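I opened my notebook to go through this protein chain.

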Amino acid sequence: MITKEQRHKRILEILAEKVSLSPKQLAELVSVSEMTIRRDIKELSSRHLIETFYGKVALSSNIDNNVPQHKSLDIYHTEQEQHFQEKLQIAQYASQLIDAQDVICIDNGTTCCHIPDFFSRDTSCLIYSYSARTQARIIQLKNENIQLFALGGYYHSQLQMYEYPEIIDIIKKLHINKMFLGTVGVSLDGSLSCVQPYEVPIRKALMEQSDQVILLADSSKIGKSWYDRYGSTKDLSMFITDSGITAEQRSSLEKLGVNLVVV
C-alpha cells in the first residue's frame with residue numbers, strides 16, 4: 001500500500017497530465033476510494049496545490065514549479081507568441097464590426113485581447129470583460145467614449161482572467177449586442193473547448209446574454225479539442241479565422257452551418 005505522501009505526489013502528477021478531472025475519475029486513476037480521494041483533495045487544497053471548480057479538480061495556478069507541468073497548463077503564455085500576425089489581422093477585422101454605442105463583451109483570449117489595439121478616438125461602446133489583459137489595454141487607451149465594466153473575482157494568473165461564481169448572477173441581468181469569443185480548440189464536429197473548467201460557466205453565461213457571438217481563432221485552433229467544452233459552433237453568429245485554414249476544414253465547418261470569414 002502506498003503512503004499518503006506517495007498518493008499525493010501521484011495525484012499531482014496525474015493532474016499535471018490530465019489538467020482537470022472529477023474526484024471519481026481521480027480516485028479510479030489512483031486506485032483508491034472516493035472517500036480517500038476527497039480527503040486528499042481537501043488536504044491538497046488547503047496547501048494551495050490544487051483547486052476545485054464546479055465538480056472538478058485541477059492544479060493550482062500558483063503551484064510550485066517543481067511539480068511536473070503539462071504543456072497545456074501554460075498554454076495562454078505560449079499562445080501569445082504563436083501566430084501573432086494572424087491574431088492581429090483577425091482582431092482588426094473584429095474591431096470593424098463594432099458600431100457606435102454597442103454593448104460588447106471581449107472574451108479572454110490571445111486574439112480577443114488585441115481588439116482594443118485597433119480602436120480609434122471615435123470608438124464609442126460599453127465593454128464587459130473578465131480578461132485582465134483586455135481590461136489593461138482598454139484602460140491604457142484613456143478614451144472617454146469607451147466605458148469598461150470589469151467583471152472581477154478571483155484572479156487566475158495562469159490564464160490572466162477573473163472568475164467568481166456570484167458574477168454569473170450579474171451577467172444574467174446584462175444585455176450584450178456582440179460577444180467576441182476566444183477558444184483553444186474548434187473541433188470539426190463543432191465543439192468549442194478551453195483548458196480549465198473554471199472558464200466554462202462564465203463563457204456560457206455571457207454567450208447566453210449576447211445577440212451575436214463572434215468567434216475569433218487563428219487556423220491552428222481548428223481541428224483541436226481540449227479538456228472542457230463550453231459551447232458549439234451552433235452558438236456562433238460568425239467565425240473569423242485566417243487563410244491558414246485548409247479546404248477540408250473549411251468544408252467541414254460550412255457543412256455545420258458556420259458563417260465563416262477568412263481574413
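Before reading any helix angle, I noted the convention: axes are lines fitted to C-alpha atoms, for helices over the stretch in contact, and angles run from 0 to 180 degrees between N-to-C directions.

**Entry 1: confidence.** I am working with a predicted model. I looked up the average pLDDT of the protein chain and found 88. A score of at least 70 is reached by 90% of the residues. Over residues 63–74, pLDDT stays under 50. I still found 20 contacts beyond four places in sequence for residues 63–74. Where pLDDT is low, the predicted coordinates should not be read in detail. I moved on.

**Entry 2: the sheet.** In which order do the three strands of the open sheet run? I read E10-E11-E13, with antiparallel pairing. Strand E10 (185–186) and strand E13 (228–232) are the edge strands, and each pairs on one side only. Next I checked how E10 meets strand E11, residues 191–194. The two pair in the antiparallel sense over two bridges. I picked out one partner: Val186 has its bridge partner in E11, and that partner is Leu192.

**Entry 3: the helix across the sheet.** I asked which strands helix H8 lies across. Helix H8, residues 200–208, lies across E11 and E13. I noted an angle of about 10 degrees between H8 and E13.

**Entry 4: Ser193.** I stayed with strand E11, where Ser193 has its place. Is Ser193 buried or exposed? The relative accessibility of Ser193 is 0%, and buried means under 20%, so Ser193 counts as buried. I then listed what Ser193 touches, leaving out residues up to four places away in sequence. Thr183, Val184 and Gly185 are among them.

Entry 5: I found Ser31 in the loop between helix H2 (23–30) and helix H3 (34–46). Ser31 has a relative accessible area of 64%; exposed means over 50%, so Ser31 is exposed. The loop holding Lys142 lies between helix H6 (132–141) and strand E6 (146–150). Lys142 counts as exposed, at 69% relative accessibility.

How values were computed: Residues are numbered from 1 along each chain as its sequence is written. This is a predicted model: local features need pLDDT of at least 70, side-chain atom pairs count only at pLDDT 80 or more; totals for chains, interfaces and linings use all residues. Side-chain values use heavy atoms; hydrogens and water are left out. pLDDT is the predictor's confidence in each residue, from 0 to 100. Contact means heavy atoms within 4.5 Å. Two strands pair if DSSP finds at least two bridges between them. Helices (H or I, at least four residues) and strands (E, at least two) are DSSP runs, numbered from the N terminus. Buried means under 20% relative accessible area, exposed over 50%, partly exposed in between (1.4 Å probe, protein chains only).
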